[in-house]
Amino acid sequence: MALADGNLPVLPLGADKRPLGNCPDCTDLACGGRPNMKTPGPCVCPWPCHGWAAATTNPHVLASRQWGLAWRRARAIGYHPGGALVTVVDLDNPAAVAWARTTLPATKTVQTTRGEHWIYRGAMRSANKVRPGVDIKSLMSYARWLGPGTGPITVLPSAVLSLVEREESTPARGAVDSSTLTRWDRRVATGCRHTPAFVQTGLERGLDNIRAHPEQGAGTAAYGAARFLAARHTTCPGPCGLDAIAEELIAAAIAVGVPAPYARRCVTNGMNAALGAVA
C-alpha cells in the first residue's frame with residue numbers, strides 16, 4: 001500500500017519471482033486480455049491476472065478478497081516500471097555492472113541477488129538481452145521490488161535508449177519475448193518505400209514527444225505523432241505496417257496515464273487524418 005501511495009503500480013510475485021498464474025477464465029487469453037495490453041481487450045478480472053498488466057495503485061483492488069488471497073501466496077512484490085514512468089536497467093552479473101559503471105550515467109541503484117538495478121526517470125520500450133547480462137524493463141514489463149535504492153535518480157539517457165534501438169536492428173533469435181512491444185517489421189511492410197532506420201527514427205521521436213507530456217497533453221501528442229508518421233507513408237504503394245506503429249504510440253500514451261480507449265481514438269484519428277479518412 002505504501003508503494004501504491006507513491007504511484008508505483010504493484011503486483012504479487014511467486015517464489016519463482018514471476019507473476020502468479022492466470023485464473024481459469026483468463027488462461028490462454030480466453031478473456032481477451034486487459035485494456036492496457038499490447039492488444040487491448042475487455043478483461044476486468046478481479047484477480048491479478050496477466051502479469052504486469054494487472055499492476056495497480058488502486059487501494060480497493062489491492063485490498064480486495066481476490067488480491068488478498070494472492071498476497072498470501074506471494075513471496076515478493078513486483079511493480080510495473082513503465083506505469084511509474086521509470087526504466088530499470090537490470091544488470092544481472094558483476095561484468096554487466098562493471099560495463100554500466102563505465103558506460104552509463106550514474107543514477108538510483110538497487111542491489112539485487114546477482115547484480116544491480118539502475119533506475120532512470122522516463123519510460124521506454126522493454127527488451128531482454130540487449131547485451132550480455134543486461135535487460136531493459138519499462139513499458140509492458142515488470143521488475144521485482146528490492147527496496148528504494150540509493151542515490152538521486154537521473155533522466156533516461158540516450159545511451160540506454162540506444163541499447164534497444166541496437167537490439168531491434170538485429171534479427172531476433174529464438175522465441176519473441178512477451179515483455180516487448182510490437183515492432184515495425186519489414187516482412188509485413190512489403191510496400192513501404194522507407195528504410196527501417198527512417199521508420200524507427202520517426203517512431204522514436206513520436207514516442208519521446210508523448211512521454212514528454214506525463215501531466216497533460218499526451219493524447220494530443222499521440223494524435224500529432226500518428227498524423228505525422230502516417231503522412232510519411234501516403235505515397236507508398238503499401239502495405240506499410242502502420243498498425244504496428246499505431247500500437248507503439250497507443251502503448252506510450254497509456255503509460256503516461258491516457259485512458260486506453262481515448263489513446264486508441266487519438267492515434268486512430270491521427271492516422272486517418274493523414275490518410276484522408278474520417279474517423
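**Notes on the aromatic contacts**

1. Tryptophan 67 and tryptophan 71 are both found in helix H3 (residues 65–73), where they stand 4 residues apart, or about one turn of the helix. The model is a predicted one, and this should be kept in mind for each of the points that follow.

2. The count of aromatic pairs comes to 2. One of them is formed by tryptophan 67 and tryptophan 71, with 6.1 Å centre to centre and 55° between the planes, and this pair is classed as tilted. Tryptophan 67 is buried, its relative accessible area being 2%, whereas tryptophan 71 counts as partly exposed, at 26% relative accessibility.

3. Tyrosine 79 and tryptophan 145 have ring centres 6.0 Å apart and planes at 80°, and the pair is therefore edge-to-face, given that planes over 60 degrees apart count as such. Because tyrosine 79 lies in strand S2 (residues 76–79) and tryptophan 145 in the loop between strand S8 (143–144) and strand S9 (154–155), the pair ties together parts that are 66 residues apart in sequence.

4. Is tyrosine 79 buried or exposed? With a relative accessible area of 4%, tyrosine 79 is buried, while tryptophan 145, at 28% relative accessibility, counts as partly exposed.

5. A contact between a charge and a ring may be noted as well: arginine 232 has its charged end over the ring of phenylalanine 228, at 4.2 Å from the centre of that ring.

Note on methods: Residues numbered from 1 in each chain as written. Predicted model: local features only at pLDDT ≥ 70, side-chain atom pairs only at ≥ 80, totals over all residues. Heavy atoms only, no water. Phe/Tyr/Trp six-rings, centres within 6.5 Å; stacked < 30°, edge-to-face > 60°. Helix = DSSP H or I, 4+ residues; strand = E, 2+ residues; numbered from the N terminus. Buried < 20%, exposed > 50% of the residue type's maximum accessible area, 1.4 Å probe, protein only. Lys NZ or Arg CZ within 6 Å of the ring centre and 35° of its normal.
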